[in-house]
Amino acid sequence: MRVAAGLLVAVSLCAPSFAWSQAAAQKAAPAAAPIPAAAPAAAPQPKQPARAACNNPNALGVGRTVEIDTTGGPGFGFEHFKELDFLKDHEVVLTFDDGPWVENTPSILKTLAEECTTGIFFEIGKHATYYPEIAKQVYAAGHTIGTHTWSHATLVNKKLSEDQRKEEIEKGFSAVKWALGGVSPAPFFRFPALQHPPEMVTYLGTRNIAIFSCDLDSFDFKARNAKQVEDVIFKKLAKQGKGIILMHDFHKHTAEALPDILKRLKAEGFKVVAMRAKAPVQTLPQYDEEVLKDSKLPTLSQRPVSSVVTDVTQ
Ligand SMILES: [Zn+2]
């Protein structure tokens, strides 16, 4: 076990208390503005609400909460990053990608609340702009929110310039911040398809953003029903004994499977670990502005004046 000293701090022991857009951004990237060498001082932001008090004595709950210092962009998840082995036997971290999404995300929030437990939601920027109220519900319920690019572009795609890759990352954070009413999410990021272009891994390090792969992929996007989602997770848990579990709040079968998954985690003696960031992400103003422009005029036509306005009389 090689855990960088000071990176992970256990901050509390909690009794049980509680058609992504596949297309890459086709727009040309904005002229690259220089990234400030030193991050500006953290803007004050309201304290996130705590999880609601737990009324279920048999709930799965939260075993412990760890705080992550994301300085230098640590990587988590043994599928790609082997350095930070912080989970003990029978500890799991629940993670949900590709939301926020109608019906499935609220269903997952309800299930987590019933079991008084929590997870990390890696939201797609565009989806957050479609459903800001659902993003706000995730935050208000006390869960950790990270991001998963602006449009779920696969960043190893050679057709994307370096500026476009950075835009995918940065605009994702700015969009989620916009959806949360100006509250910055955690500096937690997951690459789409778990494909990690080395230069973007380095870039995230310079931005002090932690990278999340996973220990255990549920492959819920391939499941034909809820039972399959559960079966894959517990088959892998039986082998590995612990891990960061990748699921999708975007998928119906995952939402359907989650009540049984959480009950079975409890029955088999697993404990959920909550991961919190020591400080929120510092978004870059140029991308905040871009999201703001999009949000003000979400249906703004890109047609040229000549095709919209035609002189019919002189
Ligand atoms: Zn995804």
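How closely do the axes of H4 and helix H5 (residues 198–206) come, and at what angle do they cross? The two axes come within 11 Å and cross at roughly 50°, where axes are lines fitted to C-alpha atoms, for helices over the stretch in contact, and angles run from 0 to 180 degrees between N-to-C directions.

This is a predicted model, in which local features need pLDDT of at least 70 and side-chain atom pairs count only at pLDDT 80 or more, while totals for chains, interfaces and linings use all residues. Residues are numbered from 1 along each chain as its sequence is written, and side-chain values use heavy atoms, with hydrogens and water left out. Helices (H or I, at least four residues) and strands (E, at least two) are DSSP runs, numbered from the N terminus.

The angle makes H4 oblique to H5, whereas H1 and H3 are roughly parallel to each other; angles under 35 degrees count as roughly parallel, over 145 as roughly antiparallel, 65 to 115 as roughly perpendicular and the rest as oblique. A crossing is left-handed if the near helix is turned anticlockwise from the far one by less than a right angle, and right-handed if clockwise.

| Pair | Axes come within | Crossing angle | Hand |
|---|---|---|---|
| H1 and H3 | 10 Å | roughly 15° | left-handed |
| H4 and H5 | 11 Å | roughly 50° | right-handed |

With contact taken as heavy atoms within 4.5 Å, Glu162, Arg165, Lys166, Ile169 and Glu170 in H4 meet Glu199, Met200, Tyr203 and Leu204 in H5. The residues of this contact divide into four nonpolar, no polar and five charged, where Ala, Val, Leu, Ile, Met, Phe, Trp, Tyr, Cys and Pro count as nonpolar, Asp, Glu, Lys and Arg as charged, and the others, Gly among them, as polar. In the other pair, Thr105, Pro106 and Leu109 in H1 meet Ile134, Gln137 and Val138 in H3, a contact with four nonpolar, two polar and no charged residues.

**Zinc site**

Asp98 (OD), His148 (NE2) and His152 (NE2) coordinate the zinc ion at 2.1 to 2.2 Å, and along the chain these donors follow the spacing D-x49-H-x3-H. Asp98 lies in the loop between strand E4 (91–97) and helix H1 (104–114), and His148, 50 residues apart from it, in the loop between strand E6 (144–147) and helix H4 (162–179). Donors are N, O and S atoms within 2.8 Å of the metal (3.2 Å for Na, K and Ca), and water is not among the atoms, so sites may look incomplete. Both Asp98 and His148 are buried, which means under 20% relative accessible area, with exposed over 50% and partly exposed in between (1.4 Å probe, protein chains only).
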